[in-house]
Amino acid sequence: MEKTKAFLELTREESDRVSSLAFPPHRLGTECSFYEYYALRGIRVDRIEPGQVFCTFKVPPRLTDREGKLASGAIANLVDEVGGMVVYVEGLPMNVSVDMSISFLSSAKVDDELEVTGRVLGQKGGYKGTSVLVKNKMTGELIAEGRHSLFGKHASKM
């Protein structure tokens, strides 16, 4: 129990990094939230095609683990966000994640540039399936592959 407790405790440096963050109150619809600012800042949508979205993301220090690698939770977040983005229809309610499965195949470190590609696999009624690939842009190495299932009350054509 003590080993677990010690592992979960923040170092002084980690505590100082978190304490130094300053965020003004969120204004819904006009500014990004703390979550968007922290987890998604830096993602760039490079191209959108019907049923596909192509993004680039440079790994920031704030999303790395103690070993300096992109945290698995940050990878899961990319799969969630890009998988949701590829089926999003402006003006309609957001889809709700039903299931997500991610294979973590490699790792990325600070300043690695990643290609994040989302594709629609199919749709039946309000249920949609997507695939998200996260690759190292320089080496082409596959970092993670995710499958993301979503549901929305609206049935739109992809």
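What share of the 158 residues in the protein is buried? Buried residues, meaning those under 20% relative accessible area with a 1.4 Å probe and protein chains only, make up 33%. This is a predicted model, in which local features need pLDDT of at least 70 and side-chain atom pairs count only at pLDDT 80 or more, while totals for chains, interfaces and linings use all residues. Residues are numbered from 1 along each chain as its sequence is written, and side-chain values use heavy atoms, with hydrogens and water left out.

**Overall fold**
- The protein has 4 helices and 6 strands, taken as DSSP runs (helices H or I, at least four residues; strands E, at least two) numbered from the N terminus.
- Along the sequence these elements follow the pattern α-α-α-β-β-α-β-β-β-β.
- The C-alpha atoms fill a box of roughly 50 × 40 × 35 Å along the principal axes.

**Annotated segment**
- An unreviewed UniProt entry carries the annotation "domain: Thioesterase" for residues 72–121; such annotations may be inferred rather than shown by experiment.
- Over residues 72–121 the chain is 28% helix and 36% strand, and the end C-alpha atoms are 23 Å apart.

**Surroundings of N95**
- N95 sits in the loop between helix 4 (72–85) and strand 3 (96–104).
- N95 counts as buried because its relative accessibility is 13%.
- The side chains of N95 and K128 are joined by a polar contact of 3.2 Å, a polar contact being a pair of N or O atoms within 3.5 Å; within protein, one must be able to donate a hydrogen and the other to accept it, and residues adjacent in sequence count only if both atoms are side-chain atoms.
- A polar atom of the N95 side chain also lies 3.4 Å from the backbone nitrogen of G152.

**Pockets**
- A pocket is an open set of points on a 1 Å grid over the protein atoms alone, where a 1.4 Å probe fits, with protein on both sides within 12 Å along at least five of seven lines; lining residues have an atom within 4 Å of a point.
- The largest pocket has a volume of about 540 Å³, a volume being the space filled by probe spheres set on the points.
- Of the 19 residues lining the largest pocket, E14, R17, Y38, R62 and T64 are the closest to its centre.
- Helix 2 (residues 12–19) gives the most to the lining of the largest pocket, with 4 residues.
- The second largest pocket has a volume of about 410 Å³.
- Among the 14 residues that line the second largest pocket, L40, E81, G84, M85 and M94 lie nearest its centre.
- Helix 4 gives the most to the lining of the second largest pocket, with 4 residues.

Terms used: Buried < 20%, exposed > 50% of the residue type's maximum accessible area, 1.4 Å probe, protein only.
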